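Below is a short report on one protein model.

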Amino acid sequence: MFRAMLTRCLVLTFVAVSLTVASIGDAAAQSSKVADFYRGKQLRFISGYSAGGLFDSATRIMARHVGKFIPGNPTVWVDNMTGAGGLIATNYVAKAAPKDGTVLLNLDGALLRLQAFNNPSAQFGARQFNWLSSPAPDLQVCWVAKESGWSSITQALGGSKELKLGGLAPGTFPSDTARILQEALGIKIKLVDGFKGVSEVRLATESNEVDGSCSSYEGVKRAFPKELEAGDIQVIVQIGETSWPGLEKVANAMDLAKTERSKRLLRVAVIGPNDINRLFTLPPGVPADRVEALRQAFDATFNDPEYKADVAKARLVLRPISVEKIKEVASSWLDMPDAQKKELQQILQIK
């Protein structure tokens, strides 16, 4: 009896060890296969936004470091494909870019709402993208030039003065945030769409074309550090569940919202989508082993001391968001009840 049990245990142990060895062998073979593919190749990062901006900077910092963690160590370069608030680049990667793992995209997660609204200009499927762990969310704020005369969004509550804000295009944070604030708080805003980035909006404030814009606080701090310190650029409102550290004296739109509908609009259209700001992805159809290799490379890069030092030097904040969280937030938009979709579609003017 004892001998039979011992024999059975030895057999089971042998089988387990064999399976483990086989699994390790398969993993090594897959890694070797991925390395063989990437060795000597160029990896093209596409940013849908202008050079020097927050998206571009986040992409270039990642591009400088991620190659050493990808099997085969390909060279990595960045290509700016601007237009339509990042939509041109996003559509290109979804439809026309090579599906072999040599092209990646950095996009504004707010663009996923275009698909939720069945906008024909959104020629991509969020659930088909091969998402990669990405830089974390930020706080949305609106800022103005000192010369505009504005010092707080509360000046616009119940007033007749028009706040002129620069935007990119429907489906992007600068444009959508302004429209949601107008609806949720009842303020009078004139939105001028068509700018390529925050730096271009800043130039427009000098000619009084606009007073300012809405964008990520991290982006504002990075673009205008001296102007913020001198008071030439002022943050007049923040949109978050709680006040951001250092902005305790700046009005929070959530505190100014008077109805549950207004608060819901701010949460769904601004705070929620901001959780998936600055996303990295591969196109649909990339072989699974290459997707997995790049996901591991991105995770390793986020933990790399040299990468972190570059992030700090660029005055960016690193709070990575997982692939699972990206999928969760994207699904919350795609699965939203039709009535809520129609309401937001009308407010955001996304047709």
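Helix H2 (residues 54-66) lies across strand S1 (42-47), S2, strand S3 (103-107) and S10. H2 runs at about 165° to S2. Helix H11 (residues 288-302) lies across S1, S3, S4 and S10, at about 15° to S4. Contact here means heavy atoms within 4.5 Å. Helices (H or I, at least four residues) and strands (E, at least two) are DSSP runs, numbered from the N terminus. Axes are lines fitted to C-alpha atoms, for helices over the stretch in contact, and angles run from 0 to 180 degrees between N-to-C directions.

This is a predicted model: local features need pLDDT of at least 70, side-chain atom pairs count only at pLDDT 80 or more, and totals for chains, interfaces and linings use all residues. Residues are numbered from 1 along each chain as its sequence is written, and side-chain values use heavy atoms, with hydrogens and water left out.

**The sheet.** The open sheet has 5 strands in the order S2-S1-S3-S10-S4, with mixed pairing. Strand S2 (75-80) and strand S4 (130-132) each have a single partner strand, so one side of each is left without a neighbour in the sheet. Neighbouring strands are turned by 30° against each other on average, direction ignored. Strands pair if DSSP finds at least two bridges between them. S4 pairs with strand S10 (residues 279-282) in the antiparallel sense over 3 bridges. Asparagine 130 stands opposite leucine 282 in S10.

**A helix pair.** How do helix H5 (residues 173-185) and helix H10 (residues 260-274) pack? Their angle is about 170°, and their axes are 9 Å apart. That makes H5 roughly antiparallel to H10 (angles over 145 degrees count as such). The H5 side includes Phe173, Ile180 and Leu181; the H10 side includes Leu265, Leu266 and Val270. The contact residues divide into 9 nonpolar, 3 polar and 2 charged. Ala, Val, Leu, Ile, Met, Phe, Trp, Tyr, Cys and Pro count as nonpolar, Asp, Glu, Lys and Arg as charged, and the others, Gly among them, as polar.

**Positive phi.** Most residues other than glycine have a negative phi. The table lists two residues with a positive value.

Definitions and conventions:
Parallel < 35°, antiparallel > 145°, perpendicular 65-115°, else oblique.
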